Amino acid sequence: MEKIYLYNTLAHKKEEFIPIKEGKLGMYCCGPTVYNYQHIGNLRTYIFEDLLKRMFLYNGYKVNHIVNITDVGHLTSDEDEGEDKMEVGASREGKTVWELAEYYTDIFIKDTIRLNILQPDKWTKATDHIPEQIGLIKCLEAKGFTYITSDGVYFDTSKINNYGELAQLDISGLKPGHRIELSEEKKNITDFSLWKFSPKDKKRQMEWESTWGTGFPGWHIECSAMAMKYLGNHFDVHCGGIDHIPGHHTNEIAQSEACTGEKFVNYWLHGAFLEEESGKMSKSKGEFLTVQALVDKGYDPLDYRYMCLGTNYGKRLLFSWENLDAAKSAYTRLKNRVIEFKKQTAEHIESTETPNHKETIEGYKQQFNEAVNDDLNISSGLAVLWDVVKNELLPAKSRLELLYDFDNVLGLGLKEVEEKKEDNIPEEIMKLVEERTAAKKAKDFKRADEIRAKIKEMGYEIVDKKDGVEVKKSS
RNA sequence: GGCGACGUACCCAAGUGGCUUAAGGGAGAGGUCUGCAAAACCUCGAUUCAUCGGUUCGAAUCCGAUCGUCGCCUCCA
């Protein structure tokens, strides 16, 4: 098995990946809070995680992949003033919180499918795991890591000695109240809530009974509870967005390890943001791009996926229409070549491969494998792919096989690529096409070109081929 | 205020001490081929890696300073 190197946030450097159990690994990825659409920046992280998973599969690992869906609201801060995004979203849209969660979960999962993201072994919902979360809090309470304030049960971060290791937090430098008021009752600025009490004057749509009182779980506890339920107290890979490092993941480590006394996760991987000229794409800014918005503008969701392949997951990526167009052009060219190779392969059934080719093929595979195993260096992998595409010395069949092989990691759906069918071309267009063919035969090229222009105006494109004319919808 | 990341051609981007006189993609220019167009193919595109200084036989790659961009320290992928 080839070696795999990954940048581990916990170690603050690139490390060789060694699984806990040979040949397989557990992987937990933080999913979305489903109070709104996921924008393409959010989705970038899931594309990264998909590449990571596919890379492991490509190397022959068996992957147990868990992604959570946070369908319970959390306050926007640990204090009482914050709003619950789920409850706010529900009243905004005239839905119950449960309906809201279902609606956005559904769209999120469909978007991941459109982006050719392999589905996890299990989607785990926070609300389906309330007893597990309460159990974990009880464990922490029994071991003396908690205290109770007027608004909830808190984790005392001063009770553990390596708090903030993941983020290299300089706690003395943290500036509480920089943007939000600090609760008087919190013992340390880094303490966080495990369980929140429901407000006394208001009935929440989502609340549960617990030994501490009616309320709802804190934001971090769900991931610890679900990850450990499905992957065990100690597992291999945990990933999410880069924004989770200082808060969410730091707290997950603290509470998980405090309860079990074991190391929680070996490798922490984080995806960087998609940014716009004005900074990162974020929901709180109001305007944001969804997969559907790209489709409405005539892009294939995989055009966006291809764009994400261009740069390493750990580096921020600047979104611009120019970039997306560049990705679309490159991806379209790639698909065209695949179609060509398919045709050539079908025409020449007999293999023209020589032992020489075999060596070349193995060389390409090796190069590609090394690239993707080096902390997902996909752009180097793409360079290998283009080498293959352009290597005229290799038979089409071999090139196609290599592209399919690489696509196991890239996920560009190359096997499914097909020439656009002449799907229901209107009769009047077909008539014009025939007219043009006749004009061409009569060498009346002026007339032929006029008809081509006319057809184009009507939204169709004609391409002359050796054995006839092809008509397709303009894209 | 603290912590951190980044700055490679018109755009995206790999490379992090000698294999590289800096991959790959997009855009552009010129050409081949088809009546034209499309597709495809070929050729040309950074003596240079934000700037300045240092270390070294050797630096885009290491060190320091400066400038610039961005993120985190609320919720966020």
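The model is predicted, so local features need pLDDT of at least 70 and side-chain atom pairs count only at pLDDT 80 or more, while totals for chains, interfaces and linings use all residues. Residues are numbered from 1 along each chain as written, chains are lettered from A and ligands numbered from 1 in written order, and side-chain values use heavy atoms, without hydrogens and water.

Helices H13 (residues 427-441) and H14 (residues 445-457) pack with their axes 8 Å apart, at an angle of about 160°. Helices are DSSP runs of H or I with at least four residues, and strands are E runs of at least two, numbered from the N terminus. The two helices are therefore roughly antiparallel, a term for angles over 145 degrees. Their contact (heavy atoms within 4.5 Å) includes Ile429, Leu432 and Val433 of H13 as well as Phe445, Ala448 and Ile451 of H14. The residues of this contact divide into eight nonpolar, no polar and six charged.

In the loop between H13 and H14 sits Lys443, whose phi is positive, near 60°. Lys443 is exposed, at 63% relative accessible area (exposed means over 50% and buried under 20%, with a 1.4 Å probe and protein chains only). Leu376, in the loop between H10 (355-373) and H11 (378-390), also has a positive phi, near 55°, but counts as buried at 3% relative accessibility. Most residues other than glycine have a negative phi.

Turning to strands, E6 (residues 146-149) and E7 (residues 152-155) pair in the antiparallel sense over four bridges; pairing requires at least two bridges found by DSSP. E6 and E7 form a hairpin with two residues between them, and Thr149 has Gly152 of E7 as its bridge partner.

Note on methods
Axes fitted to C-alpha atoms, helices over the stretch in contact; angles between N-to-C directions. Parallel < 35°, antiparallel > 145°, perpendicular 65-115°, else oblique. Nonpolar A, V, L, I, M, F, W, Y, C, P; charged D, E, K, R; others polar.
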